[in-house]
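Subject: Handover of a structure

Hello,

I am passing a structure on to you, with my notes on what turned up in it. Please have it open while you read.

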Amino acid sequence: MSNESTAANNKSKPGQLQQDSVPVKSVTVINKEKEDAVQRGSKVPPPEGDLEGTAVGSYHHGRGAQFNTKNRFLKNESTREHIEGIDDWEESNIPTQYIEQQSKTIVNKIESKDVGMSYSMNPYAGCEHGCIYCYARNVHEYWGYSAGLDFEQKIIIKKNAPQLLRKFLMHPKWDATPIMLSGNTDCYQPAEQKFRLTRGLLEVCNEFNQPVGILTKNSWILKDKDVLQDMAKKGIVSAMVSITSFNEDLRRIMEPRTTTAKQKLKVINELSSAGVRMGVMMGPMIPGLNEHEMQRIMKAAADNGATFTAYTFIRLNGAIKFLFHDWLFKNFPNHADKVWHLIEQSHDGQVNDTRFGVRMRGEGHIAQMVAQQYKKYGKLYNMNAEEWSLNTNIFKRPGEQGKLF
Ligand code: SF4
């Protein structure tokens, strides 16, 4: 639920804090020894002793990232180094911080050709769900924070998002192109329970008949069933629920604050029964961890009313490489090596990949096998490849008649 181009569309300079956000004067860095080990990770896994020393009794339960990576844009950052790495883990009890601000824009143009939509809007920056593989982590650096724990703990709230959307849609040149809600971070993450900005955005879309696609890993979407049902009748909304695994032990550590797979199926069931066109996103598939679950996920989603589907293949760009490596070796010390090398094999020897057309799917025999399964089971369960099918013909501004074609 993230794309890197969104950040590129932010009006502020990379690393520059937005007005009204809380400035970060220092970024905590784990002790030098451990950081060096993590930095080496793409080629050589950290030694076992290091793993034991940091994993036992020192894990941030309820968080995906286990430390803050350096922000590549902060030239003058000061860092705090600990001789004993265990000091850092006390930060796990820091509650999530909501940073409210008035934003300048809410709709971003997506430049990536392999994302599936041209525009996105994200009422929240950062995501408390804390998925360890999340591509949006790197985007948090543009806001002046770290892609690690900061991404999960410091959430920027764009308080005026609905007002900005209204202004945007009023522009006479806007042509009702579908907008992705959650193009970068999850619009139904826990912050939504307090701020209801996604609700506000949907109400504006409903008023203008603006088509919108939603992607989420949270069952809070059910709170908006009434407006979604209304929009579905007009064909201006489709939603995807992201499911990566039925293994609860894996979900709890990989996507710690998301809804369980069972609840996600309930969301698909309830909203599809209410007439909302529902899909399932399997993102990302990770060789050696969850790629074998694809058929089961597709079948369960189809059984519950999903009619379309999509998937992505793991890639580890920017700071995610270090965060994921640390997480992988702490949680799966016995087969972390294998998983790591399978990811490398799927991206031409690297774990990161920026090549359009390849980066989201990977290449090589594992990636091919996943692609074949996707095709085969999509056909078997009658689920089209990602197809939002949104009605762009009834858009209207208040006081206008609407399009006549
Ligand atoms: S739900 Fe997970 S993958 Fe999606 S934006 Fe939040 S942290 Fe990232």
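**Helix pairs**

Helices α7 and α8 are roughly parallel to each other, a label used for angles under 35 degrees, whereas angles over 145 are roughly antiparallel, 65 to 115 roughly perpendicular and the rest oblique. This is a predicted model, in which local features need pLDDT of at least 70 and side-chain atom pairs count only at pLDDT 80 or more, while totals for chains, interfaces and linings use all residues. Residue numbers start from 1 along each chain as its sequence is written. Helices (H or I, at least four residues) and strands (E, at least two) are DSSP runs, numbered from the N terminus.

The axes of α7 (residues 197–208) and α8 (residues 225–233) cross at roughly 25° and come within 10 Å. An axis is a line fitted to C-alpha atoms, for helices over the stretch in contact, and angles between N-to-C directions run from 0 to 180 degrees. The crossing of α7 and α8 is left-handed, meaning that the near helix is turned anticlockwise from the far one by less than a right angle; clockwise would be right-handed.

Which residues of α7 and α8 meet? From α7 they are Leu202, Glu203, Cys205 and Asn206, and from α8 Val227, Asp230 and Met231. Two residues are in contact if their C-beta atoms, placed from the backbone, lie within 7 Å. The residues of this contact divide into four nonpolar, one polar and two charged. Here Ala, Val, Leu, Ile, Met, Phe, Trp, Tyr, Cys and Pro count as nonpolar, Asp, Glu, Lys and Arg as charged, and the others, Gly among them, as polar.

Helix α11 (residues 294–303) packs with helix α14 (residues 365–380) at an angle of about 25°, their axes being 10 Å apart. That makes α11 roughly parallel to α14, and the crossing is right-handed. Met294, Gln295 and Met298 of α11 make the contact with Val370, Gln373, Tyr374, Tyr377 and Gly378 of α14. By class there are five nonpolar, three polar and no charged residues.

For helix α12 (residues 320–331) and helix α13 (residues 336–345), the axes cross at roughly 145° and come within 9 Å. His325, Leu328 and Phe329 in α12 meet Ala336, Val339 and Trp340 in α13. This contact has five nonpolar, one polar and no charged residues.

**Sheets**

Strands of a sheet pair through backbone hydrogen bonds, either parallel or antiparallel. Two strands are taken to pair if DSSP finds at least two bridges between them.

An open sheet of three strands has the order β3-β7-β6, with mixed pairing. β3 (97–101) and β6 (124–125) are at the edges with a single partner strand each, so one side of each has no neighbour in the sheet. β6 and strand β7 (residues 154–158) run antiparallel and are joined by two bridges. Ala125 stands opposite Ile156 in β7.

Eight strands form another open sheet, in the order β4-β5-β8-β9-β10-β11-β12-β13, and the pairing is mixed. Its edge strands, β4 (107–109) and β13 (384–385), each pair on one side only. Strands β9 (residues 212–216) and β10 (residues 237–242) run parallel, joined by five bridges. Gly213 stands opposite Ser238, and Thr216 has Val241 as its bridge partner.

Is β10 enclosed or open? Six of its six residues are buried, so β10 is largely enclosed by the rest of the structure. A residue is buried if 20 or more other C-beta atoms lie within 10 Å of its own, exposed if 12 or fewer, and partly exposed in between, with C-beta atoms placed from the backbone. In a regular strand the side chains alternate between the two faces of the sheet. In β10 both faces are covered, with Val237, Ala239 and Val241 buried on one side and Ser238, Met240 and Ser242 buried on the other.

Gly318 lies in the loop between β12 (308–313) and α12. Gly318 counts as partly exposed because it has 18 C-beta neighbours inside 10 Å. Leaving out residues up to four places away in sequence, Gly318 touches Asn138 and Ala147. Its C-alpha atom is 9.7 Å from that of Asp353, which is 35 residues away along the chain.

The protein chain has 14 helices and 13 strands. Of its 405 residues, 49% count as buried. Among contacts between residues at least 6 apart in sequence, 83% join residues at least 24 apart.

Regards
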